[in-house]
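Please have the sequence and the structure open while I talk.

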Amino acid sequence: MTPQQLWQRYQDWLYYHESLEMYLDISRMRFDEGLIETLKPKFAKAFQDMDALEKGAIANPDENRMVGHYWLRDPDLAPTEEIKQEIIQTVEAIQAFVQKVHVGAIKPPQAFKFTDILSIGIGGSALGPQFVAEALAPDFPPMAIHFFDNSDPAGFDRVLTRLKDRLNSTLVIVITKSGGTPETRNGMIEAKAAFEKQGLNFSQHAVAITMPGSNMDKVAKSEGWLATFPMFDWVGGRTSELSAVGLLPAALQGIDIRAMLAGAKAMDAATRVPNLKTNPAALLALSWYYAGNGKGEKDMVVLPYKDSLSLFSRYLQQLVMESLGKEKDLDGNTVYQGIAVYGNKGSTDQHAYVQQLREGVPNFFVTFIEVLKDRQGNSIELDPGITSGDYLSAFIQGTRAALYENHRDSITITIPEVNPRTVGAAIALYERAVGLYASLININAYHQPGVEAGKKMAASILELQKQIMQALQSASEPLDLATLAQKAGSPNEIEAVYKIVRHLEANRRGVIMNGDRANPNSLKVSAG
C-alpha cells in the first residue's frame, strides 16, 4: 500500500475510547473485507454467547459453573441479589480491613504496624497481583509486597532472607480456592515454619482468600487468622485479578482499587457493543483470527513500551494460553487450538529478538503497547528538542514500520498513562477478547483440563516416591533401578524411579547411588 492508502486504512480501522482515552489500531493487520464478511455470522453468535454468559449461563459445563468475572466491576449485572451483595460487601470489607491495617488498628503483636506483605498463591493468584504491583504500586508504598509463587525451596529462602528482620511486621495472604493447591499449601507451610522459628504466631499475621466453607476457610477460622475474604465459585483464577485475589494486595500497597474497577467497567461497556468496528475486544479477536488463520498458527508477541508494564505479557500468557489452549472443541472434535504468547518490553527487545521478528521465521504478530505520557514532570533534552521519551516514541513507531515493511503484522494499543483506571481497562479488554475469540473458534475458554492432568500425574510421582523409600528401607542389599521399580510396584516406571532417587540423593534424603552416572542402568541404589 502507498503511504496515503495506509493512512486511510489507519483512519478506517482506528478505535478510540473517549473516557479512557485509549486507542486501538489494527490497520497493520492485513485482513480484507472478504474475511470480515465470512466472520459476520460467527461474531453475531459470539456476541450472543457473551450476553448469555453475563446473564448467568453455565459457561463451564465441566464443573457446572457460571463465569461471572464481569459482575465484579458492575454488581448490578449479577444474576441474583445474593451475588450482587456478596460482591459489594467484599469490596467494602477489603477497604475497611486495609484502612485498619494502614493506621495500625490491626497490627502484629511484636510491631507497631504491618510493613510488608507476603502473598502466597499460584497461577492467576500470583500473576495478576504481580503485574498490578509492578504497574501501579507507588515508589514508597505503605506496604511492600513479596511473593511465594512456586514450590522452589531456594525461592522461599530468598524471600524469607529479604524479610528476615521484618518478618515480625509481615502480613501473609494465602490465596487458594479450595486449600488443596499443592504449591500454595507448600508455601503456607514454609512460611508458617519461618514464623515459628522466630517465635512468631503465624495466625496473628495471616489472612486467607478462599471459598467460604473450603478446607482453607476452616483452617483460618479454627486457628483465628486475622481475616478471610471470599473467592467466588464463578470466578476462574486467570480472571480473578479484580476479585479479592487482586484487590486486597493492591489496596494494601496503596493502589486505588475503585479506579481499577471503574476502568474495567468502562471497558466492559465498550466491549459489550454488538458491532465489530466499534467493539475493541472484537477488533482484537478479529486480528487474532486473521493472524493465525483461526487455528493459532502465529504467536502473539506483546511489547509494552513502558517499564511498569513489563509483566503484562506474563500475565497475558496465562489468560490467553490457558483459556484458548484446548485439544477439543465444543462439539468434541480434536482441534488443538491455542495462541502462544511471549514478550518483554520495548525498547529492550529491539536489542534482543526484534532482529528475528523482522528477518526470521514469520510465525508471529506483534502487539505494541504505547503510553503517551512520558513521566511525571518535565523531561530534559538529550539532544536539541529531543527527550528520552521522544526516543522511546520513535523506537515504537520505527519498529512498527520496519516490521510492516517486511510483511510482519502488528496491533497497537495506546493509553494516556499507566494508572489504575487504564490497567483495569486493559485487563477487561483482554478478558473479553479471549471470550469472543473462543466463540469464533468454538472452544470452551473457561476450563483447563490439561492443568488438572498435570496435577494428577505429579501426585502419582509423589506416591511412587513413598513406595521407593519403603522398598529401599526393607532391602537387604543395594538394588538396580529395574529391581527397585518392581519392588516399588511400578515396573514400567524405571525412568521416573531414577529421577526420584537422583533428586533424593542430591538433597541427602536417605538415598545413596553407586555406579557410572553416565550409564543409569549400572547404578545401584541403597538407603543411607
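This is a predicted model: local features need pLDDT of at least 70, side-chain atom pairs count only at pLDDT 80 or more; totals for chains, interfaces and linings use all residues.

The pairing belongs to β1 and strand β2, residues 22–25, which run antiparallel and are joined by four bridges.

Where does that pair sit in the order of the sheet? The sheet is open and has six strands, arranged as β1-β2-β13-β12-β10-β11, and the pairing within it is mixed. Its edge strands are β1, at 14–17, and β11, at 341–342, each of which pairs on one side only. If you now look for helix α13, residues 388–405, you will find that α13 lies across β2, β12 (364–371) and β13 (410–415), and that α13 runs at about 160° to β12.

On the α9 side the contact includes Ala259, Met260, Gly263, Ala266 and Asp268, while among the residues they meet on the α14 side are Pro420, Arg421, Gly424, Leu429 and Arg432. Sorted by class, this contact of α9 with α14 has 10 nonpolar, three polar and three charged residues.

The other pair I want to show is helix α3, residues 81–103, with helix α8, residues 244–252, where the axes are 9 Å apart and the packing angle is about 25°. Since angles under 35 degrees count as roughly parallel, α3 is described as roughly parallel to α8, and α3 passes α8 in a right-handed crossing. Here Thr90, Val91, Ile94, Phe97, Val98, Val101 and His102 of α3 meet Ala244, Leu247, Leu248, Ala251 and Leu252 of α8. By class, the contact of α3 with α8 divides into 10 nonpolar and two polar residues, with no charged ones.

Finally, the domains. The domain assignment gives domain 1 as 3–56 + 263–447, domain 2 as 69–255 and domain 3 as 450–527. How far apart do the C-alpha centres of domain 2 and domain 3 lie? The separation of those two centres is 37 Å.

Methods. Residues are numbered from 1 along each chain as its sequence is written. Side-chain values use heavy atoms; hydrogens and water are left out. Contact means heavy atoms within 4.5 Å. Helices (H or I, at least four residues) and strands (E, at least two) are DSSP runs, numbered from the N terminus. Ala, Val, Leu, Ile, Met, Phe, Trp, Tyr, Cys and Pro count as nonpolar, Asp, Glu, Lys and Arg as charged, and the others, Gly among them, as polar. Two strands pair if DSSP finds at least two bridges between them. Axes are lines fitted to C-alpha atoms, for helices over the stretch in contact, and angles run from 0 to 180 degrees between N-to-C directions. Domain bounds come from an automatic or database domain assignment. Angles under 35 degrees count as roughly parallel, over 145 as roughly antiparallel, 65 to 115 as roughly perpendicular and the rest as oblique. A crossing is left-handed if the near helix is turned anticlockwise from the far one by less than a right angle, and right-handed if clockwise.
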